[in-house]
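Welcome! Open your viewer, get ready to select a few side chains, and follow along stop by stop.

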Amino acid sequence: MVETVSENRSFGGVQGVYRHRSTACACDMTFGLYLPPQAGAGPVPVLWYLSGLTCTHENAMVKGGFQEHAARHGLAVIFPDTSPRGEGVADDGAYDLGQGAGFYVNATRAPWAPHFRMYDYVLTELRGLVMGAFPLADRHGITGHSMGGHGALTLAMNNPEMFLSLSAFAPIAHPTRSDWGRKQLGAYLGEDESAWVGYDSVLLLEERGWIGDILVDQGVDDNFIDLLMPESLAAAMARKRIPGQFRLQPGYDHSYFFVSSFAGDHVTWHAERLKARQPKGVTE
């Protein structure tokens, strides 16, 4: 059951916030969903946006500027939360572990395992929920920022049959080799690093490649760039000859000013690919 928290008119469509009881995370979860005006005439393709450390569903929904671009192209945009929350959900005093820092993994270690199953939540539970409750076509693209960029890349590379387009903003590219990753993967999954491989986009790209092309934007003046390790992802794309664009943006940092500056490019990227791969006879 989906509870409506709020709905606001935006660029001819509706920006909604909704709450539901999650089986995967064993708590109430909240998400944002923008439906463009085209959804009034029938199901529209879906772009998933995964947010970064400390964010909720609200940050990109309010600051990212995706609604105007999504309305122009006729895409829905889903903004999940970044972790389980609430009474009884494990947490940590550091900003980069626990609530707000789910890292889009399925935790296997105490005290995280009962709730921190964001991989299954995004991939299966929330996807099934929104597909049954809203006018959405079964054509999905995925993007995200920082920790969310890591989530977008790894979810797509592990499940290429479920995503037709892929991009990322300043992703945590190589978490098995970064302080933004080793701490969290160790806490959530344990010390056996073989269990971490499926959550590292560089390792996944080396092993599996990708079915299409990839768009990545990275701010050159990002103060977290050494933790993100973008050069590792760029090198892996080159070694595997993955088509796409890896763009270093001079003067841009890690903030939502950066994300909003290139949100239109990413929405257009996904719209072109999602509509190009629609079933024969379908027009929008």
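Start by selecting Arg177 and Glu193: they form a salt bridge, with their closest N and O atoms 3.8 Å apart (a salt bridge is a side-chain nitrogen of Lys or Arg within 4 Å of a carboxyl oxygen of Asp or Glu). This is a predicted model, where local features need pLDDT of at least 70, side-chain atom pairs count only at pLDDT 80 or more, and totals for chains, interfaces and linings use all residues. Residues are numbered from 1 along each chain as its sequence is written, and side-chain values use heavy atoms, leaving out hydrogens and water.

Arg177 is exposed, at 51% relative accessible area, while Glu193 is partly exposed at 32% (buried is under 20%, exposed over 50%, partly exposed in between, with a 1.4 Å probe and protein chains only).

Next, select Arg127 and Asp138, another salt bridge, with the closest N and O atoms 3.5 Å apart. Arg127 is buried at 10% relative accessibility, whereas Asp138 is exposed at 56%.

Finally, turn to the rings. Select Tyr49 and Phe79, an aromatic pair that is tilted, 6.1 Å centre to centre with 55 degrees between the planes (rings of Phe, Tyr and Trp, its six-membered ring, pair if their centres lie within 6.5 Å; planes under 30 degrees apart are stacked, over 60 edge-to-face, the rest tilted). Both Tyr49 and Phe79 are buried.
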